[in-house]
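Please brief me on one helix, its surroundings, a cavity and the salt bridges of this model. Keep it short and grouped by topic.

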Amino acid sequence: MMSLVWGSSSPPPPPPEAAVSTMAKKCGGSRGLLSSSSRGVVSNSSGAVASSTTGFPSFLPKEVEKIKDPYARTLAQRMERLPVQIGSSESFIMSSCVKPQKQSEINPVVLLHCFDSSCLEWRCAYPLLEEAGLEAWAVDVLGWGFSDLERRPPCSAASKRHHLYQFWKSYIRRPMILVGPSLGASVAIDFAVHHPIAVEKLVLINASVYAEGTGDLAKLPKFLAYAGVSLLKSIPLRLYANLLAFNGISLSTTFDWTNVGRLHCLLPWWKDATVSFMSSGGYNVISQIKQVKQKALVICSEQDHIISYKQILRLRCELPYAIMRLIPDSGHLPHVENPTSVAKLIAGFARNDCC
């Protein structure tokens with residue numbers, strides 16, 4: 001079964017100085033952290049209005065206001081929903097993402113996320129990629145994140161692929177450097193094999209690509225499936241997942257990052273979307289790995305307690321055109337724990353520099 005891992009402007013009022021210092025240290029420095037001014041009332045393309053007192057888009061659960069991590073708060077304030085056509089001309093999904101503020105001559109970097117997570121997972125690395133001059137998109141995979149799924153669309157691997165393609169076709173429209181951490185690597189490989197014209201390169205971070213889908217979980221009766229999914233958003237399980245995923249963070253940070261990682265679970269359609277994915281069989285990309293034609297950067301954390309080094313080495317050997325880089329002193333989510341190293345590797349690979 002896939003690894004159960006979640007990631008999980010000066011926000012008014014600003015977080016206490018001690019909290020900023022702790023978060024900034026873990027997220028690779030505080031440069032530019034508190035540089036933005038607070039926002040007034042703003043509308044995004046979904047019609048959601050940002051609160052004049054918090055700056056957060058109205059489609060986010062109100063619990064976002066309790067999050068202390070200043071990087072998460074800043075990225076959450078930049079989130080918006082864009083319409084993505086998935087069927088007939090009148091069938092759209094308002095899809096959550098963080099858009100780049102400017103276009104780059106280099107092909108865009110599109111950031112996916114882990115299983116049952118959101119684009120807030122990129123809260124620490126995203127500003128560093130922008131500082132490096134990259135055109136970066138952080139996109140919520142269909143069924144997870146903060147898209148409007150009121151109509152309960154299917155959330156199988158094929159549906160996720162189609163949604164991402166329609167998003168790319170509508171807004172990005174250039175070959176992209178597609179970045180996938182953990183199960184997001186399976187999403188990226190599946191997409192690259194089916195839509196090679198849309199992908200220039202792949203970056204796979206602690207890739208979870210050798211699970212054979214959701215296995216027997218796909219056969220569970222609905223009432224058991226819903227019971228199991230309810231457990232996934234429980235605070236004790238999420239805390240345990242964070243303890244596995246991260247390397248030596250404080251208890252207070254663990255609790256805060258748990259709140260970041262489960263925020264999307266508070267949306268009313270989250271259970272239905274997760275059961276839909278689980279019942280569909282999930283991702284099984286083992287046979288697709290050797291079909292990847294794009295250059296790939298395989299990133300491996302030396303302190304990852306979830307995906308073994310042997311699996312990453314196997315992936316490096318099976319991908320036809322891949323290089324591999326190690327990140328020391330990081331757990332399963334180095335883009336949260338060691339964003340400076342991850343951003344540097346992504347930027348170098350995007351520019352064809354030696355990374």
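This is a predicted model: local features need pLDDT of at least 70, side-chain atom pairs count only at pLDDT 80 or more; totals for chains, interfaces and linings use all residues.

Residues are numbered from 1 along each chain as its sequence is written, and side-chain values use heavy atoms, with hydrogens and water left out. Helices (H or I, at least four residues) and strands (E, at least two) are DSSP runs, numbered from the N terminus.

**Helix α5**

- Helix α5 covers residues 183-194, and the C-alpha atoms at its ends are 17 Å apart.
- That agrees with the 16 Å that its 12 residues should span, because the expected span is 1.5 Å times one less than the number of residues.
- Of the 12 residues in α5, 10 are buried, where buried means under 20% relative accessible area, exposed over 50% and partly exposed in between (1.4 Å probe, protein chains only).
- The buried residues are Leu183, Gly184, Ala185, Ser186, Val187, Ala188, Ile189, Asp190, Phe191 and Ala192.
- Their cover includes the helices α4 (157-172), α9 (270-280) and α10 (309-318).
- Strands β7 (176-181) and β8 (199-205) are also among the elements that cover them.
- Contact here means heavy atoms within 4.5 Å.

**Around α4 and the end of α5**

- Asp190 and Arg161 meet through their side chains in a salt bridge, at 2.8 Å from N to O.
- This pair links distant parts of the chain, with Asp190 in α5 and Arg161 in α4, 29 residues apart.
- Both Asp190 and Arg161 are buried.
- Tyr165 sits in helix α4.
- Leaving out residues up to four places away in sequence, Tyr165 touches Phe191 and His195.
- The C-alpha atoms of Tyr165 and Phe191 are separated by 7.9 Å, and the two residues are 26 apart along the chain.
- His195 lies in the loop between α5 and β8.
- His195 counts as buried because its relative accessibility is 19%.
- Beyond four places in sequence, His195 touches Arg161 and Tyr165.

**Second largest cavity**

- A cavity is a set of points, on a 1 Å grid over the protein atoms alone, where a 1.4 Å probe fits but cannot get out; lining residues have an atom within 4 Å of a point.
- The second largest cavity has a volume of about 40 Å³, taken as the space filled by probe spheres set on the points, with grid points joined across faces, edges and corners.
- Its lining consists of Leu112, Val139, Asp140, Val141, Leu142, Lys160, His163, Leu164 and Val187.
- Helix α4 gives the largest share of this lining, three residues.
- Six lining residues are nonpolar, one is polar and two are charged.
- In this scheme Ala, Val, Leu, Ile, Met, Phe, Trp, Tyr, Cys and Pro count as nonpolar, Asp, Glu, Lys and Arg as charged, and the others, Gly among them, as polar.

**Other salt bridges**

- A salt bridge is a side-chain nitrogen of Lys or Arg within 4 Å of a carboxyl oxygen of Asp or Glu.
- By this rule there are 10 salt bridges.
- Glu135 pairs with Arg174, with the closest N and O atoms 2.2 Å apart.
- Glu135 is in the loop between α3 (126-131) and β6 (136-139), and Arg174 is in the loop between α4 and β7, 39 residues apart.
- Glu135 is buried at 5% relative accessibility, and Arg174 is buried at 17%.
- Arg152 pairs with Glu150 at 3.8 Å between the closest N and O atoms.
- Arg152 is partly exposed, with a relative accessible area of 35%.
- A network of salt bridges links Glu150, Arg152 and Asp272.

**Two further buried residues**

- His264 lies in the loop between α8 (251-261) and α9.
- His264 counts as buried at 1% relative accessibility.
- Beyond four places in sequence, His264 is in contact with Asp116, Ser117, Trp144, Gly145, Phe146, Arg238 and Trp270.
- Ala322 is in strand β10 (residues 322-327), and counts as buried at 10% relative accessibility.
- Ala322 touches Ala296, Val298 and Arg316, not counting residues up to four places away in sequence.

Terms used:
On a 1 Å grid over the protein atoms alone, a cavity is a set of points where a 1.4 Å probe fits but cannot get out, and a pocket is an open set with protein on both sides within 12 Å along at least five of seven lines; lining residues have an atom within 4 Å of a point.
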